[in-house]
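Biologist: I should like to learn how to read helices, their packing and their backbone angles from a set of coordinates. Could we work through one example together?

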Amino acid sequence: MTKTLTKREEVTREETWRTEDLFASKEEWMKQLKEAESFVSQVTKYKGTLANSAANLLHCLQAQEKLMEKVVLLATYANLKLAEDGSNPESQADFAIMSASMTKINTALAFIESEILALPEGQITLFFNEESELELYRIPLERILEKKPHALSPETEEVLASLGEVTDAPYKIYSTSKSSDMVFDPFTGTGGEEKALSFALFEDQYELSPNTEERRNAYHSFIKTLKQYENTYAAVYATEVKKQVALSKVRNYNSVTDMLLQPQKVTTEMYENQLNIIYKELAPHMRKFARLKKKVLGLDEMKFCDLKAPLDPEFQPETTYEKVSDIILEALEVMGPEYHEIMKKGLTEGWVDRADNTGKMTGAFCSSPYGSHPFILMTWKDTMRGAFILAHELGHAGHFYLANKNQRIGDTRPSTYFVEAPSTMNELILGNHLLKATDDPRMKRWVILQFLGTYYHNFVTHLLEGEFQRRVYEHAELGKPHTASTLTGIKQEVLEGFWGDAVAVDKEAGLTWMRQPHYYMGLYPYTYSAGLTASTAVYKLMEEEGQPVIDRWLEVLKAGGTKDPLELMQHAGVDMSRPDAIRTAIDYIGSLVNELESSYE
C-alpha cells in the first residue's frame, strides 16, 4: 500500500519555523507591503537631483536604506511561505504579488545607480569631502562605480529593471514546477510493497538507501519523471543562459563569465583554479572511493545511482533532533560564548523548519533577513547525516546573524566565493569533536564517512555542476543552441570525465542537470568548493594556533561584505590567490579515503 505524504497543515508546530516573527499574519504582511510601496516616493523624490549636491545623494541613500530594510523582510516572508509548501495556491499567489511589487520598486529605484554612474569623474570624491556621513555608504557606492564601463543609458537601465519579473522567470518557472508540478510514480520496495516518491524523498532518503534494490528502483522512477520534463526544463534553462549571454554582450563584457564573476570579486584565474585543479586532481581519490564502495557493498557494478549508498548502514549512532542539537552545541563551544548563544537560539527559538510535507522545497538553505533572525529549511530524516546538514545551515545563520548585527544592510553580504566557508567550518568542528569524543573504531569510521559526505557534496556534486556550467556557457558564446539532448550530453561528458571507468554512468545520469536550482543563480555551484577549501585551511590553523585563529575568524564573520573575499580569507590566514589551499584540501580528502580503506583491512 502506498504511503501518503504529510500535508503541511498536519505537521507539528515544533517542526516548523516561526514566520510570525517576521509578520504576525498574512494580513499584517499585506499591510506592510502596501506601506513599503507607498514609501517608495520618499526615495524617488530625489530623482534627477543626485548630481546637485552631496546632501541630496546622502538623503536619497538613507531613504533607500530604510526601504530596503522593509522590503527584505517582506520578500523573505513570501519566499519562506512558498518554500515550506510550494503547492499551496495562496503562497503561490503571494509570491507572485511580491515579485510584481519588487519589480515595481526596483524599476522606481533604478535611477539611483544610473545617476551615480553618470556623475563626472571625481565628483563622488568631492561629495565625500563635503558630506562626512556619506562615508557610511562608501562600499555600496564604490561597487556601483565599478560598473561604470558596463553601464547602459539611464532609460535602458530603467526598462531592464521594469522587466525584472520577465528576466527572473526562468528560475521561478523551474522552482515552481519542481516543487508543485512533478508527480513521481510509486516504486516497488524490497518486500514488494509500493512506496511513495517525491523529490525530497528521493534526495533525502532513497538515494541514500542501504538497500540496492530499493535505491535503484527509486532512481528509475525518479528518472522516469525527470525525463517527462526534460524538454520543458531545457527550454527554461536555455532561456536563462541566453539572457546572461545577451546581457554580457550589451554591457560590453569580454565574456559572460567575466560578467558573472564581477559581483563575486573573483579573478578568472581563481575561478579556473577551483574547477581545473579539483576536476583533475581529486578524480583519482574519488575513483578509489567508488571502487572501495563497490567492493564493500558487494555490488555487481558501481552505478551512478549507487554513489551515495552508505558504506556501514547497520551502524547508525542514536539520533533524535534534540540529541543532535545537544551535540552541535557541545561541539561549537570552542567558538566562544557569543557564537554559542546564537547557535542555541537557532536550535530552540523557531529558526528551523524540519518538517517533511508535500510541496516542501528540497534540500536545505538558510535565509538571514536583515532586521530578523535567520530561518533554516531542511527535512529531518532521523539520520545522523542530518546533524552535519543542520550544523552547516547554522553556520550560515551564525555568519549572517553577526554580519547583520555589525554592519549596515548594504554591507552585510560577502561574495558568494566566501559564503560557504562559515557553514562548512561548522561541519569540520562538529566532525572533529565527534572523532575526539570516541575510541570506537566503527564510530571513527562513521565520522570519516560524514566528512567524505561533506567533501563529496562540495568538491564533487557542486564542483561538477560548476564544470557543467562552464561548458554550457562556452557553447552558448560560440552560438551553439542548447536543447535537452545537448544539456544532457554535456552533463554526461562531465560525469564520465571525472569518474572514468570506476563508475558506470548510465545515459539517464546526464539528466542530473535538471535537479539543481543553482544554475539560475549565476556562477554559484563552484563557490561551494571555494568555501570548503578556505574552511579546511582555517580549521587546520585553528588546530595549530588555537584562540587567535578563532578570534580572527569571528572578526571575519562580523565583517560581512565590507571586504573582498581575498581580504576576508587573508585576514583568516589563508591566501586563495594561489592554488596551494586547493591542493591542501584535496590531499586531506585523499588521506580520508586512505584511512577509510585501511579501516576495512
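Biologist: What span should the 29 residues of helix α4 have, and how far apart are its end C-alpha atoms?

Modeller: Bear in mind that this is a predicted model. The general idea is to count 1.5 Å a residue, so α4 (residues 89-117) should span 42 Å. Its end C-alpha atoms are 41 Å apart, which agrees with that expectation.

Biologist: Where is the kink in α4 centred?

Modeller: The kink is centred on Ala108 and amounts to about 35°. As for the N-terminal end of α4, Asn88 caps it. A side-chain oxygen of Asn88 lies 2.8 Å from the backbone nitrogen of Glu90.

Biologist: At what angle do α20 and α22 pack?

Modeller: Helix α20 (residues 441-477) and α22 pack at about 145°, and their axes are 8 Å apart. The crossing of α20 past α22 is left-handed. On the α20 side, the contact is made by Thr454, Tyr455, Asn458, Phe459, His462 and Leu463. On the α22 side, the residues are Tyr528, Ser529, Leu532, Thr533 and Thr536.

Biologist: Why do residues three or four places apart point the same way in an α-helix?

Modeller: An α-helix has 3.6 residues a turn, so residues at that spacing point the same way. In the present case, Tyr528 and Leu532 of α22 both take part in the contact with α20.

Biologist: Thr527 also lies in α22 (residues 527-545). Is Thr527 buried or exposed?

Modeller: Thr527 counts as buried because its relative accessibility is 0%, and the cut-off for buried is under 20%. Its side chain reaches the backbone oxygen of Thr416 at 3.4 Å. Leaving aside neighbours within four places in sequence, Thr527 is in contact with Gln264, Thr416, Tyr417 and Glu420.

Biologist: Where do Asn252 and Lys265 lie?

Modeller: Asn252 lies in the loop between α11 (212-250) and α12 (256-261), and Lys265 is found in the loop between α12 and α13 (268-281). Asn252 counts as exposed because its relative accessibility is 57%. Lys265, at 23% relative accessibility, therefore counts as partly exposed.

Key
Residues are numbered from 1 along each chain as its sequence is written. This is a predicted model: local features need pLDDT of at least 70, side-chain atom pairs count only at pLDDT 80 or more; totals for chains, interfaces and linings use all residues. Side-chain values use heavy atoms; hydrogens and water are left out. Helices (H or I, at least four residues) and strands (E, at least two) are DSSP runs, numbered from the N terminus. Buried means under 20% relative accessible area, exposed over 50%, partly exposed in between (1.4 Å probe, protein chains only). A polar contact is a pair of N or O atoms within 3.5 Å; within protein, one must be able to donate a hydrogen and the other to accept it, and residues adjacent in sequence count only if both atoms are side-chain atoms. Contact means heavy atoms within 4.5 Å. The expected span of a helix is 1.5 Å times one less than its number of residues. The bend at a residue is the angle between axes fitted to the seven residues ending there and the seven starting there. Axes are lines fitted to C-alpha atoms, for helices over the stretch in contact, and angles run from 0 to 180 degrees between N-to-C directions. A crossing is left-handed if the near helix is turned anticlockwise from the far one by less than a right angle, and right-handed if clockwise.
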